[in-house]
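User: Please take one part of this predicted model, a sheet and the ligand site beside which its packing can be discussed, and go through it closely. Which contacts and angles describe it?

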Amino acid sequence: MIKDLLNETIWSLAGNKVRSGLTILGIVIGIASVITMVAIGQGSQASIQARIQSIGSNLIIVSPGAQRTAGVSAGQGSAQSLKLEDANAIMSEVQNVAGVAPEDTHRYQVTAKGNNTNTQITGTVPDYTIVRNVAIDSGTFITAYQNQTSAKVAVIGPGVRDDLFGAGVDPTGQTIRIKNIDFQVIGLTVSKGGTGFNNADDAIYIPLSTEQHYLSGDTYITTISVSAQDSTILPTVQNDLTDLLLQRHGISDSTQADFSTINQADIIATASSITGTFTMLLASIAGISLLVGGIGIMNMMLTTVTERTREIGLRKAVGIRKIYINLQFLSEAVVLTFLGGAVGVLLGWLAALAVTKFAGITTQVSLSTVVLAFGVSAGVGIIFGFYPARRAASLSPIEALRYE
Amino acid sequence: MIECKNISKTYVNGDVETQAVRGLNFKIEKGEFVAIIGPSGSGKSSLMHILGALDTPTSGEYFLDGKEVSKLNDDDLSDLRREKIGFVFQSFNLLPRTTVLRNVTLPLLFSDATQKEREQRAREALKYAGMEESKFNNLSNQLSGGQMQRVAIARSLINNPAIILADEPTGNLDTKTSHVVMQTFLELNSRGHTIVLITHEPEIAEFAQRVITIRDGLIESDIKKK
Ligand SMILES: Nc1ncnc2c1ncn2[C@@H]1O[C@H](COP(=O)(O)OP(=O)(O)O)[C@@H](O)[C@H]1O
Ligand SMILES: [Mg+2]
């Protein structure tokens with residue numbers, strides 16, 4: 001009996017290749033597009049969050065200039081209101097601070113061995129590595145002694161290394177020229193995989209005192225990065241240091257502050273809401289293709305109803321019981337949707353991999369999307385494949401045979 | 001074996017009511033060869049569908065082997081059609097794009113018979129219906145009208161039914177082929193199958209022992225040859 005069922009199913013599907021093919025195609029397109037799109041959305045979301053995490057741990061960024069709404073380019077205020085002493089005060093007076101890294105960042109032309117690049121030069125202190133999660137690949141980071149002595153040493157990012165010395169070269173011991181001053185390279189940072197501006201890989205770190213003395217020529221700094229001891233006290237630390245700086249700058253009205261602070265949790269929340277919208281957008285586009293695929297399946301199933309109703313009438317006329325007819329049509333619909341579903345999942349997953357490989361966008365295929373996409377098209381396929389057949393099977397054979 | 005008591009069939013299509021069969025009473029005994037004759041639209045097919053348990057009468061009672069058919073449920077009707085009745089449609093009703101053998105074994109689907117037994121029985125039935133063996137694996141749409149009719153007859157024979165019902169079995173065939181097909185029915189009748197066939201050609205009705213003439217859903221005459 002089971003053998004007859006399978007046999008009839010295969011016979012019927014193979015005997016109507018165009019119909020079977022188009023139905024499967026509808027399912028494949030629907031499922032594959034949903035999986036790929038949502039994979040792109042969720043992948044981007046995850047990678048953006050990971051990148052934000054990588055800029056530091058429990059970070060609060062203080063920038064000069066008026067308070068702005070959560071922007072991503074933290075640290076490049078144009079106003080001059082922060083000084084090294086502010087950073088030192090935060091370290092010594094605010095509770096629960098794990099580290100403070102003042103920095104003064106400006107872009108300069110850098111040359112080495114005839115190559116040249118324009119990049120951001122950050123003058124900072126040893127704590128920078130803790131506060132901003134910077135790891136050293138080879139050599140060392142700036143030391144406190146080098147800061148005291150305004151040593152002309154530099155730690156470079158892998159992006160700068162690639163531009164100046166070529167990929168894979170160990171730059172330690174080499175010399176680079178910034179604003180006509182020679183700096184000795186003492187270290188190389190580990191890549192953070194950033195792109196675009198504010199790229200942590202495309203940066204050069206030198207002692208803050210050296211930077212102020214030889215490059216900027218003033219005592220202002222562009223950013224103070226503060227690391228709180230843990231994420232729960234992040235808002236408290238942010239409030240405390242804001243109060244401290246207001247007091248130090250002699251400002252009583254906090255809306256008149258000449259600096260702004262932003263914490264990492266806020267940045268993550270903002271970015272998440274942006275990427276969430278993006279994912280929703282992709283998901284709705286994908287949902288539409290799923291719908292179109294579903295309508296395709298439905299259409300295919302319904303247009304064949306006439307022919308199939310006659311076939312059902314004939315089967316009944318020769319004495320096949322209703323239950324077997326129902327089972328056969330159910331099995332046809334199940335086989336079609338599962339074949340289409342399997343191909344669709346595979347294709348969607350391969351497409352996601354291809355997007356990662358060729359477009360460099362991180363993708364994340366999630367089980368829930370696979371289940372959802374599969375469920376929707378399987379549901380449509382089974383309902384519209386099975387329901388008309390079920391109805392036809394309960395007609396009298398003559399009614400079914402006469403069906404127009 | 002067959003007994004109709006005041007059988008009638010009315011089709012309702014929107015506001016239009018068509019009385020195809022209007023209260024027929026007759027009996028057909030086991031082993032009879034009956035021709036039902038009448039002009040087109042006189043209700044022959046409607047009656048035949050009721051006799052074949054393919055459709056239910058609007059009113060009246062139909063007994064087959066003493067059982068009231070209109071009281072049976074859907075599954076019992078299927079079983080009845082499969083086990084007792086072979087139906088030959090005027091328009092053949094073969095499965096398209098399907099081999100002759102597969103068409104003939106269709107009524108055996110989901111039965112206990114093995115694939116081998118099924119094919120064996122199909123071959124016998126086909127030979128019996130006069131089908132050339134070389135065409136057994138042809139697709140149904142590659143056959144001539146006469147060949148399709150033989151396949152349809154073979155399919156009706158596959159379960160060795162007590163009754164064979166044929167709705168204008170020669171309607172789509174030329175005279176020579178018609179006669180060959182009628183010979184087949186005669187032979188089936190001589191082997192004990194009860195046969196009821198519809199025709200509108202008196203010449204074809206000549207083959208039968210009993211001729212029931214129907215006009216406007218009523219029996220006009222019922223003549224038994226000796
Ligand atoms: N399904 C149907 N719906 C409505 N009217 C029908 C239907 N089937 C048959 N009829 C009508 O019933 C009458 C008898 O038809 P039928 O039994 O096919 O006659 P015959 O087989 O003698 O030509 C005709 O008038 C026909 O139009
Ligand atoms: Mg007719």
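Analyst: B:F87 has B:L165 of β7(B) as its bridge partner. Strand β7 (residues 163–167) and β6(B) pair in the parallel sense, over four bridges. Strands (E, at least two residues) and helices (H or I, at least four) are DSSP runs numbered from the N terminus, and two strands pair if DSSP finds at least two bridges between them. Helix α5 (residues 145–157) of chain B packs on the sheet, touching β6 and β7 of chain B, and its direction makes about 165° with that of β6(B). Contact here means heavy atoms within 4.5 Å; axes are lines fitted to C-alpha atoms, for helices over the stretch in contact, and angles run from 0 to 180 degrees between N-to-C directions.

This is a predicted model, in which local features need pLDDT of at least 70 and side-chain atom pairs count only at pLDDT 80 or more, while totals for chains, interfaces and linings use all residues. Residues are numbered from 1 along each chain as its sequence is written, chains are lettered from A and ligands numbered from 1 in the order in which they are written, and side-chain values use heavy atoms, with hydrogens and water left out.

The open sheet of chain B has six strands in the order β6-β7-β8-β3-β9-β10, with mixed pairing. β6 (85–88) and β10 (218–224) of chain B are at the edges with a single partner strand each, so one side of each lacks a neighbour in the sheet. On average, neighbouring strands of this sheet are turned by 15° against each other, direction ignored.

α1(B) lies across β3 (33–37), β6, β7, β8 (194–199) and β9 (210–215) of chain B, at about 155° to β8(B). α1(B) also gives the most to the shell around ligand 1, three residues. β1 (2–13), β2 (16–28) and α1 (44–51) of chain B each supply at least two.

The shell holds 13 residues, the closest being A:R402, B:G41, B:K44, B:S45 and B:S46; a residue is near a molecule if one of its heavy atoms lies within 4 Å of it. Residues from chains A and B surround ligand 1, so the site is shared between chains.

Polar contacts are pairs of N or O atoms within 3.5 Å. A polar side-chain atom of A:R402 is 2.9 Å from a nitrogen atom of ligand 1. Oxygen atoms of ligand 1 lie 3.1 Å from a backbone N or O atom of B:G43 and 2.5 Å from a side-chain N or O atom of B:S46. Taken alone, ligand 1 exposes 560 Å², of which the protein buries 71% (Shrake-Rupley method, 1.4 Å probe).

Methods: Polar contact = N/O pair within 3.5 Å; in protein donor to acceptor, adjacent residues only side chain to side chain.
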